[in-house]
Amino acid sequence: MGSVFRKPKAPEKSQAQKDYEARLERETKAQEEAKAAAEANAKEMENKKAKGLIGSRSLFGNPGGRGFYS
């Protein structure tokens, strides 16, 4: 008979479960990296627009004559 105070051991994970968890962790990490890169790009574009480096009326970002006076 077992002890009343002893907790039963959890069953050991199968190899398929271990592989699934590893794949899920890799996918989650890749999604987080992509999200961070997209946020950084959006912030950079916002800063460039605020400085006037890009946009429809920009004098710097539109080579070929599409600037402020066009």
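Select I54, then show what surrounds it. Leaving out residues up to four places away in sequence, I54 touches M45, K48 and K49. This is a predicted model. I54 itself sits in the segment after α1, the helix that spans 15–51. Colour by accessibility next: I54 has a relative accessible area of 27%, so I54 counts as partly exposed.

E44 is partly exposed at 40% relative accessible area. K48 is partly exposed too, at 31%.

How many salt bridges are there by this rule? The count is three. Two remain to be visited below.

Move to R23 and E27. Their salt bridge has its closest N and O atoms 3.8 Å apart. The cut-off is 4 Å, so this pair qualifies. R23 and E27 also lie in helix α1, four residues apart, about one turn of the helix. R23 is partly exposed, with a relative accessible area of 39%. E27 is partly exposed at 41%.

Last stop: select K13 and E21. Their side chains meet in a salt bridge, 3.1 Å from N to O. K13 is partly exposed, with a relative accessible area of 45%. E21 counts as partly exposed at 31% relative accessibility.

Technical notes
Residues are numbered from 1 along each chain as its sequence is written. This is a predicted model: local features need pLDDT of at least 70, side-chain atom pairs count only at pLDDT 80 or more; totals for chains, interfaces and linings use all residues. Side-chain values use heavy atoms; hydrogens and water are left out. Helices (H or I, at least four residues) and strands (E, at least two) are DSSP runs, numbered from the N terminus. Buried means under 20% relative accessible area, exposed over 50%, partly exposed in between (1.4 Å probe, protein chains only). Contact means heavy atoms within 4.5 Å.
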